[in-house]
Amino acid sequence: MSMTRHIFKQLWNCRRTNLWICILLCIITLLMWYAFDIVYNYEAAARSPMGYDYVGVYNIDLRFREDARRDASWEDVDRQKLSIKTLLENYPGIESVTWSRGSRPFSRNRMFEGYCTHDDSSRVVSTFISYVSPGYFDVYDVRPIYGSIDLDAWNPGEYPMPAVLTEDLADSLFRDMTNVVGRTFFNPYYKDKVTNYRVAAVVPRQKRDDYERYDPMIYLPVSDKDIQMTTLIVRVRPEARAGFAERFSREMRHRIEQGVYYLYAVRSLEECRDTYNVENGTVNYLNATYCMIGFFLFTVFLIVLGTFSIRTRRRRSEIGLRMAMGSSRRRVMTEFILEGVLILFIAAFPALLIAAYMARLEITVNTLTDMSAARFVGCFAAAVAVLTMVIMLAVWPSARKAMLISPAEALHDE
């Protein structure tokens, strides 16, 4: 108690000097909280489950050879792509093969549709859509939480056509996702009779990108005749993933390029993810935020280091007198460090009030993660904790210098 009272007395005696430090630390604490909050908005979203497993999944990107395409019919094109699919199924290391068109992970290829229930045709729910072959759910390891996916019945010729919905779409359409398997819905924008869909299964929430909110998603069967418009996707066994893209390109390029297609690229979805995040600007934005946090911390370190170095020189005789009267060197060092920490806590209180007001007015970045009490408290506490460590580090040289002062020399100089 006596130590705390002495520290507050010292802070009051140096109130003019401490005032501008408190104002500066208040502003930096507020900015640090805001920067931490931005990082939380993105990193919390990036760490939420994708709803599927893309590790070990590769896109086999095929392109048309224009000279050969002019002389081939669509039937020939379909037949050649199906034969390429067979080659992929027999290639060593490939576990399963699928093809799809529409919305894809880590890609700007997005396809939208609208659906409504027979009970309320006026309320249309917009959703991402992807037309997939039966093997899609094995390639991406998508497991239903309600219902089941009958791969034998997974074709567009079924009526009602089977459909797989994510939790978000099932909840938006039917209000209760636990009781939707077997229920039907339709697309109000189509006028032909094949607009009736039956819910075969409900799968976990999904998103197309790391830095993205969960969106409604629907999967429908793709026809073999549409294979020329699809992307071939494979899942590779863990033991064959090292060097798979280079090995596949070297061994299969000649066999694939005997028809209208040529092998353009073999890319893992992990590579597609990294490229997409950079092209989307998210990585650069986060790097800029991390640099800003580092600049704030470096600024605080220099200010506190300089301030306490000056204080040590000015209070040299006082420290010597206290040591001569029995104060231990460890106590002197501890008081210096606590003084710096208390200055931060005093400055953090008004910063906390301003931050709470900003959060209440939603003057924060909530594009991917909603503001919550846990998020606010966690980000502000993290900002204060990091600043506390920096201040302790900045005060330590001055505190150690004060601890090593010789009482006799200090009093003699005085």
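Colleague: How many bridges join strand 7 to strand 8?

Modeller: Three, and the two strands run antiparallel. Phenylalanine 186 stands opposite asparagine 196 in strand 8. Helices (H or I, at least four residues) and strands (E, at least two) are DSSP runs, numbered from the N terminus, and two strands pair if DSSP finds at least two bridges between them. Keep in mind that this is a predicted model, where local features need pLDDT of at least 70, side-chain atom pairs count only at pLDDT 80 or more, and totals for chains, interfaces and linings use all residues. Residues are numbered from 1 along each chain as its sequence is written, and side-chain values use heavy atoms, with hydrogens and water left out.

Colleague: And strand 6 with strand 8, parallel or antiparallel?

Modeller: Parallel, over six bridges. Methionine 161 has tyrosine 197 in strand 8 as its bridge partner.

Colleague: How many residues of strand 8 are buried?

Modeller: Seven of the eight, so strand 8 is largely enclosed by the rest of the structure. Buried means under 20% relative accessible area, exposed over 50%, partly exposed in between (1.4 Å probe, protein chains only).

Colleague: Switching to helices, which residues of helix 8 are buried?

Modeller: Leu269, Cys272, Arg273, Tyr276 and Asn277. Looking down the axis of helix 8, they fall within an arc of 130°, so they line one face; the arc is that of the directions from the helix axis to the C-beta atoms.

Colleague: What follows helix 8?

Modeller: Glycine 281, with a positive phi near 90°. Helix 6 is followed by arginine 175, whose phi is positive too, near 70°.
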